[in-house]
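Try each task before you read the solution under it.

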Amino acid sequence: MNYRLQDFIKYIIPGLYFIFFVFIWSILSSKYHIDTAKLKDFTNVIILLVPFVGFVIGYFIESVMTCVEHLFYILGGRRPSKTILDGNCKFYIIPVSDRDKVFHEHGISGAPIKNNLAGQILQTAKQRIDRESVENFRMNSILARNIFGSQIVLTIAYSFVTDQFYTNKIWWTFLVISIVFLIYWVHHNHVYVKYIFAEYAKILQ
């Protein structure tokens with residue numbers, strides 16, 4: 001199996017992010033206290049295991065978030081492709097000429113378009129463009145999604161191990177961070193789709 005550095009990063013960073021907070025919480029927790037003095041005897045093993053465990057956790061989070069994202073769209077969640085093709089959000093507008101090319105290619109008279117149709121057009125665009133031209137935007141979107149996934153899993157897990165989590169300041173801090181990461185992921189997802197359509201319009205007449 002040949003992983004590029006970017007593929008490795010999208011797994012390892014969310015996994016290590018998750019491990020870091022679990023480790024810090026374990027040190028500070030009186031219930032699950034870790035004897036840091038004893039850890040010194042296993043330093044070499046820990047150095048080898050942490051990246052591996054981080055990768056596995058990151059891979060799991062990637063799998064879960066991919067399923068969640070697809071399920072969201074299956075259940076009728078608004079697709080970034082619809083937002084961009086409708087031109088309703090000023091932050092993710094493509095040139096009118098580019099949008100007209102896309103509409104003309106798919107026999108669409110104009111916005112608004114159906115959610116599922118927007119998704120189908122996006123899939124067609126992905127197949128026809130040079131994917132390397134938007135690879136950095138794709139990786140940014142995936143990494144933002146996976147880090148959000150790590151944070152939301154931490155937030156949910158913390159609610160199970162903390163009594164009356166709704167009055168706990170740390171839990172609320174985790175929740176706020178989760179919302180910030182969610183917004184950041186949504187932003188990068190829209191940017192990625194925007195540049196897919198920009199590249200797609202270049203090959204259309």
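A polar contact here is a pair of N or O atoms within 3.5 Å; within protein, one must be able to donate a hydrogen and the other to accept it, and residues adjacent in sequence count only if both atoms are side-chain atoms. This is a predicted model, where local features need pLDDT of at least 70, side-chain atom pairs count only at pLDDT 80 or more, and totals for chains, interfaces and linings use all residues. Residues are numbered from 1 along each chain as its sequence is written, and side-chain values use heavy atoms, with hydrogens and water left out.

**Exercise 1. The overall fold**

Work out how many helices and strands there are in the chain.

Solution. 
- Take the DSSP runs, numbered from the N terminus: helices are H or I with at least four residues, strands are E with at least two.
- That gives eight helices and zero strands, so from the N terminus on the order reads α-α-α-α-α-α-α-α.
- Next, burial: buried means under 20% relative accessible area, exposed over 50%, and partly exposed in between (1.4 Å probe, protein chains only). Of the 205 residues in the chain, 38% are buried.
- Last, contacts, meaning heavy atoms within 4.5 Å. Take those between residues at least 6 apart in sequence, and 76% of them join residues at least 24 apart.

**Exercise 2. The surroundings of Asn-189**

Find which side chain Asn-189 joins in a polar contact.

Solution. 
- Asn-189 sits in helix H8, and with 8% relative accessibility it counts as buried.
- Its side chain and that of Tyr-73 are joined by a polar contact of 3.3 Å.
- Skip residues up to four places away in sequence, and Asn-189 touches Glu-69, Tyr-73, Pro-80 and Ser-141.

**Exercise 3. The largest pocket**

Describe the lining of the largest pocket: which residues lie nearest its centre, and which helix gives the most?

Solution. 
- Set up the search on a 1 Å grid over the protein atoms alone: a pocket is an open set of points where a 1.4 Å probe fits, with protein on both sides within 12 Å along at least five of seven lines, and lining residues have an atom within 4 Å of a point.
- Grid points are joined across faces, edges and corners, and the volume is the space filled by probe spheres set on the points. For the largest pocket that comes to about 480 Å³.
- Its lining has 22 residues, with Glu-69, His-70, Tyr-73, Gln-123 and Lys-126 nearest the centre.
- Helix H3 (43-74), H4, H6, helix H7 (135-161) and H8 each supply at least two lining residues; H3 gives the most, with six.
- Sort the lining by type, with Ala, Val, Leu, Ile, Met, Phe, Trp, Tyr, Cys and Pro as nonpolar, Asp, Glu, Lys and Arg as charged, and the others, Gly among them, as polar. The lining splits into eight nonpolar, seven polar and seven charged residues.

**Exercise 4. The largest nonpolar core**

Identify which residues touch the most other members of the largest nonpolar core.

Solution. 
- A nonpolar core is a set of buried Ala, Val, Leu, Ile, Met, Phe, Trp, Tyr and Cys residues joined through side-chain atoms within 4.5 Å.
- The largest one has 21 residues, and Leu-85, Ile-113, Ile-121, Ile-196, Phe-197 and Tyr-200 touch the most other members.
- Helix H4 (80-86), helix H5 (96-105), helix H6 (115-128) and helix H8 (169-202) each supply at least two residues of this core, and H8 gives the most, with six.
- Apart from this core lies another of six residues, including Tyr-17, Leu-154, Tyr-158 and Trp-171.
- Now look at Ile-121: beyond its neighbours within four places in sequence, it contacts Leu-85, Val-102, His-106, Ile-108, Ile-113 and Phe-197.
- Ile-108 is placed in the loop between H5 and H6, and is buried at 15% relative accessible area.

**Exercise 5. A lysine in H4**

Decide whether Lys-82 is buried or exposed, and find what its side chain meets.

Solution. 
- Lys-82 lies in helix H4, and it counts as buried because its relative accessibility is 12%.
- A polar atom of its side chain lies 2.5 Å from the backbone oxygen of Ile-113.
- Leaving aside neighbours within four places in sequence, Lys-82 contacts Pro-112, Ile-113, Lys-114, Asn-115 and Ala-118.
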